[in-house]
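Good morning, everyone, and thank you for making the time. I would like to walk you through one model, going from single residues to the ligand site, so please keep the display in view.

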Amino acid sequence: MGKVAVGVAVIGTAAVVATAALLVRQRMRSSGRWARTRALVKEFEEKCGTPEAKLKQIADAMTVEMHAGLASEGGSKLKMLISFVDNLPTGDEEGVFYALDLGGSNFRVLRVELGGRKRGVVHQEFAEASIPPALMSASSDALFDYIAEKLAEFVADEERIYEQPSGKERELGFTFSFPVMQNSINSGTLIRWTKGFSIDDAVGQDVVAELTKALKRKGVDMRVAALINDTIGTLAGGRHSDPDVTMAVILGTGSNAAYVERAQAIPKWHGPLPKSGEMAINMEWGNFRSSHLPLTEYDYAMDTESLNPGEQIFEKLISGMYLGEILRRVLLSLAEEVWFFGDEIPAKLKIPYILRTPEMSAMHQDISSDLKVVDEKLKSILEISHTSLKKRRVVIELCNIIATRGARLAAAGILGVLKKTGKDTGKGNGEKTMIAMDGGLYEHYTEYRKCLENTVFELLGDTTKSSVVFEHFNDGSGIGAALLAASHSLYLEETS
Ligand code: ADP
Ligand code: MG
């Protein structure tokens with residue numbers, strides 16, 4: 001009995017000594033870890049650097065690629081797609097039109113009543129649904145049937161407010177925000193999917209024909225009058241409310257831009273010269289790539305493991321689908337290399353895309369003194385608890401590095417377009433360039449938006465910056481699609 005007690009006491013002392021030694025070692029290790037952490041963050045920041053000179057090179061590269069894409073089909077990574085929209089809305093559009101917006105996580109159906117020059121948009125209603133993830137990689141029929149069903153429900157609800165004149169088909173503007181080779185205003189073949197969609201049998205198909213067949217199958221009496229994408233829609237919606245709108249940029253799940261080009265500056269356009277002399281171009285700028293882009297090992301790895309490796313490199317740097325994922329990858333590497341979150345690597349941190357951009361922006365914009373939003377997000381999303389204030393600050397620093405790089409690169413893209421259209425130097429004649437902006441990233445991520453706008457002004461310099469104005473057109477693309485359905489209606493003669 002006595003012996004046993006002594007034995008325990010001895011072991012106890014040894015344990016205390018061992019614990020003390022471990023503590024000292026850990027403290028030493030942890031100061032070493034901290035220095036390593038700082039070094040890694042600094043290195044990452046440097047690799048993400050976007051000094052003005054670099055941004056100007058990127059803008060120039062964008063301009064060069066725009067020329068190449070307009071010169072010939074396949075001439076550039078920028079598709080510079082001809083939209084067949086040569087008559088942007090004037091304000092005279094009248095009647096009830098539908099719009100369907102498919103281009104990301106959600107889709108929307110709208111009914112818009114246009115009242116002509118005097119009354120503008122009289123009324124609009126919409127319904128929204130999310131695309132079930134399984135349908136994003138199923139079959140073309142399954143996806144379009146699902147959409148047609150939702151349209152059927154929306155139309156069924158219509159008698160309550162509005163009666164479709166007999167003998168007249170309802171007309172729809174279809175906003176389909178994926179790269180499409182347009183054949184006419186209401187036909188176009190899908191070039192490839194982006195933003196997480198991967199339905200093989202739809203690629204190379206005419207998406208209007210696919211939708212039209214599904215509408216027939218579901219008994220919906222509706223004609224697709226215009227096929228556009230969200231940037232062209234936003235451009236049209238923006239132009240309807242302000243004639244100074246000549247460019248649109250979407251920053252949401254993905255990113256893209258559209259602008260008004262002189263028809264004569266489009267060598268690959270062999271059609272008749274439009275009366276307006278202008279053509280809206282869908283740049284598909286998400287696929288832009290340049291050796292000047294500041295890519296890191298995290299970007300390369302994310303790209304390699306993505307559904308579309310080697311494609312949409314610009315989009316992967318600037319858009320909402322990817323910013324949170326880049327942050328996750330950097331945090332994971334800190335966890336692995338300097339045990340940033342303790343002796344075990346948090347299991348959740350290994351799950352791709354678990355950390356979404358809205359969560360990242362909430363952390364980035366945490367103004368509480370103890371950074372409780374960061375703490376709460378790390379807990380709820382990644383099951384990481386007990387982070388020190390110092391570590392939460394590092395998380396915010398990383399958010400800032402990633403968002404700043406994205407926003408400044410998007411700004412360089414905008415400068416490239418302004419250069420191409422000769423709007424990058426002030427003419428001092430009070431001429432305004434309005435840029436119609438939309439997308440959840442631009443709308444909700446305030447730090448990102450401010451950085452983007454300030455960077456454009458910084459790049460333009462004092463003499464020109466006052467001539468460029470950003471305006472957010474919330475769901476401009478829906479209204480834009482309805483407006484373009486109106487201007488391409490079968491029944492134009494009857495109404496005018
Ligand atoms: P989509 O691009 O899917 O058509 P939206 O334009 O509404 O749809 O953009 C949604 C995207 O915007 C989300 O995928 C997300 O990346 C981004 N986003 C939404 N809310 C926020 C937010 N609060 N902060 C940062 N990004 C956001
Ligand atoms: Mg959208």
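Phenylalanine 84 is partly exposed, with a relative accessible area of 24%, where buried means under 20% relative accessible area, exposed means over 50%, and partly exposed is what falls in between, with a 1.4 Å probe and protein chains only. This phenylalanine sits in the loop between β1 (81-82) and β2 (94-102), and phenylalanine 84 has a positive phi of about 65° although it is not a glycine. When I speak of helices (H or I, at least four residues) and strands (E, at least two), I mean DSSP runs numbered from the N terminus.

Before I go on, this is a predicted model, in which local features need pLDDT of at least 70 and side-chain atom pairs count only at pLDDT 80 or more, while totals for chains, interfaces and linings use all residues. Residues are numbered from 1 along each chain as its sequence is written, chains are lettered from A and ligands numbered from 1 in the order in which they are written, and side-chain values use heavy atoms, with hydrogens and water left out.

Glutamate 284 also has a positive phi, near 50°, in a residue other than glycine. Glutamate 284 belongs to the loop between β11 (278-282) and α7 (297-304), and at 6% relative accessibility it counts as buried.

Let me turn to some pairings along the chain. Alanine 335, in helix α9, is buried at a relative accessible area of 1%. Its C-alpha lies 5.8 Å from that of isoleucine 345, 10 residues apart in sequence, and, setting aside neighbours within four places in sequence, alanine 335 is in contact (heavy atoms within 4.5 Å) with Phe340, Phe341, Ile345, Pro346 and Leu349.

What about the cysteines? A disulfide is counted as a pair of cysteine sulfur atoms within 2.5 Å, and by this rule the count comes to zero. Cysteine 48 is in no disulfide, because the nearest cysteine sulfur, that of cysteine 399, is 12 Å away, too far for a bond. Cysteine 48 is buried at 4%, and cysteine 399 is buried at 0%.

Finally, which residues come nearest to ligand 1? Of the 14 residues around it, they are Ser105, Thr253, Gly320, Ser361 and Gly440, where a residue is near if one of its heavy atoms lies within 4 Å. For polar contacts, taken as pairs of N or O atoms within 3.5 Å, an oxygen atom of ligand 1 is 2.6 Å from an N or O atom in the side chain of threonine 253, and a nitrogen atom of the ligand is 2.7 Å from an N or O atom in the side chain of serine 361. A backbone N or O atom of glycine 440 lies 2.9 Å from an oxygen atom of ligand 1. The elements that give two or more residues to this shell are α9 (320-338), α10 (357-364) and α13 (440-444). By class, the shell has four nonpolar, 10 polar and no charged residues, with Gly counted among the polar ones.

Methods
A polar contact is a pair of N or O atoms within 3.5 Å; within protein, one must be able to donate a hydrogen and the other to accept it, and residues adjacent in sequence count only if both atoms are side-chain atoms.
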